[in-house]
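Visitor: I have a model open and want to learn to read its features. Where do we begin?

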Amino acid sequence: MDISYTAEHLRAAAVAAVRAPSMHNTQPWRLRLRDGGIEVLADPARRLPATDPSGWGVRLACGAALFNLRIALAVAGIPARVRLRPDPAEPDLLARLVPDVPRRPTPDEQSLYAAIPRRFSNRMPFWPNPVPADARWRLGEAARAEQCWLELLIGVSAVSAFGEIARSAHRVLERDPAYRSERERWLRQEPAPDGVPASAGGPQSEPQDVLPARGFGGRDRAPGRDFEPEPLVGVLGSLGNTAVDQVVAGQALQRVLLTATDAGLSVSMLSQPIEVPTAREQLRLSLGRFGMPQMVLRIGYGQPGRPTPRRSVGEVLDLPVVPA
């Protein structure tokens, strides 16, 4: 018996999909129902030409939204088979999902689905509590489950060496007026359905910080509120760096983020050393891993916060017109 996804399936799953992370919270995806399948498309109108000229960030974000779709459909009992970049003639079409054999969701799928509305980027200083070994193992397994790898940098020397690369990349980016202007355009001082609220921007970076922070209008720190001196840093990588590899990495990123949320961890993302090609290559060589770094994560325990706003589901859906 042939099974097709319906508009109702898409609307229900899209509630989870739009909770995916994206650079500057641009939410650069569209979801389409066509021929009984659900399709994930990049939205070129929401690309960041100065920050993300290659579209890497868009594909990573769409991969994260794709993972949320997969989990939502699995929890609904109608898991999907996924084909990435199914039509070379339509480069913005990044994935097509068609129904697989109906089954009950696994406990892991249920836990990941429950974490979706609780996941958000925490740009505040973390507490000094170390991340235990079992939680670190779970994060690595989450990346491997999506055919990617997660290299955890532990210890002062490893984190300091990475910090030099990251701060150098940050300085390169900050010298570009177009980059700074683009970031300011996505900073929100008033309530909005996209962009980064100033309240979620985190405190201003200071020279003694080990890791750089993007300036999103956060307040100056109170004395004694330095960032953690020895954060747990994770580098997420994929086997290659094609458009398909980047969508795969986006799915791995979201599985890692949801796994961290389920474990009670806070995470923020640092993409500066990925955005600057020379820094990215330096990072790749320093890790000695086969493949390409796709995102850097700062992981720890932090104070509670709340997710950033999202556009309504209706704004991102393309549904077939039903004849009157």
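Guide: With a charge over a ring: NZ of Lys or CZ of Arg within 6 Å of the ring centre and within 35 degrees of the ring normal. Here Arg 298 lies over the face of Phe 126, at 3.7 Å from the ring centre. The model is predicted: local features need pLDDT of at least 70, side-chain atom pairs count only at pLDDT 80 or more, and totals for chains, interfaces and linings use all residues. Residues are numbered from 1 along each chain as its sequence is written, and side-chain values use heavy atoms, with hydrogens and water left out.

Visitor: How many aromatic pairs does the structure hold?

Guide: Rings of Phe, Tyr and Trp (its six-membered ring) pair if their centres lie within 6.5 Å. The structure has 0 such pairs.

Visitor: How do I read the sheet of 4 strands?

Guide: Strands are DSSP runs of E, at least two residues; helices are runs of H or I, at least four; both are numbered from the N terminus. Two strands pair if DSSP finds at least two bridges between them. This open sheet has the order β5-β8-β10-β9, with antiparallel pairing. β5 (148-153) and β9 (266-270) stand at the edges with a single partner strand each, so one side of each has no neighbour in the sheet. The twist averages 30 degrees from one strand to the next. β8 (232-238) and β10 (292-300) pair over 7 bridges. Leu 236 has Met 295 in β10 as its bridge partner.

Visitor: Which helices pack on that sheet?

Guide: Contact means heavy atoms within 4.5 Å. Axes are lines fitted to C-alpha atoms, for helices over the stretch in contact, and angles run from 0 to 180 degrees between N-to-C directions. α4 (133-145) touches β5, β8 and β10, at about 155 degrees to β5. α5 also touches β5, β8 and β10, at about 110 degrees to β5.

Visitor: How are two packed helices described?

Guide: By the angle between their axes and the distance between the axes. The axes of α5 (156-174) and α9 (277-287) come within 10 Å and cross at roughly 170 degrees. Angles over 145 degrees count as roughly antiparallel, and α5 and α9 are therefore roughly antiparallel to each other. Phe 162, Ile 165 and Ala 169 in α5 meet Ala 279, Gln 282, Leu 283 and Ser 286 in α9.

Visitor: What is the order of the sheet of 5 strands?

Guide: β3-β4-β2-β1-β11, an open sheet with mixed pairing. β2 (37-42) and β4 (93-99) pair in the antiparallel sense over 4 bridges. Leu 41 stands opposite Leu 93 in β4.

Methods: Angles under 35 degrees count as roughly parallel, over 145 as roughly antiparallel, 65 to 115 as roughly perpendicular and the rest as oblique. Rings of Phe, Tyr and Trp (its six-membered ring) pair if their centres lie within 6.5 Å; planes under 30 degrees apart count as stacked, over 60 as edge-to-face and the rest as tilted.
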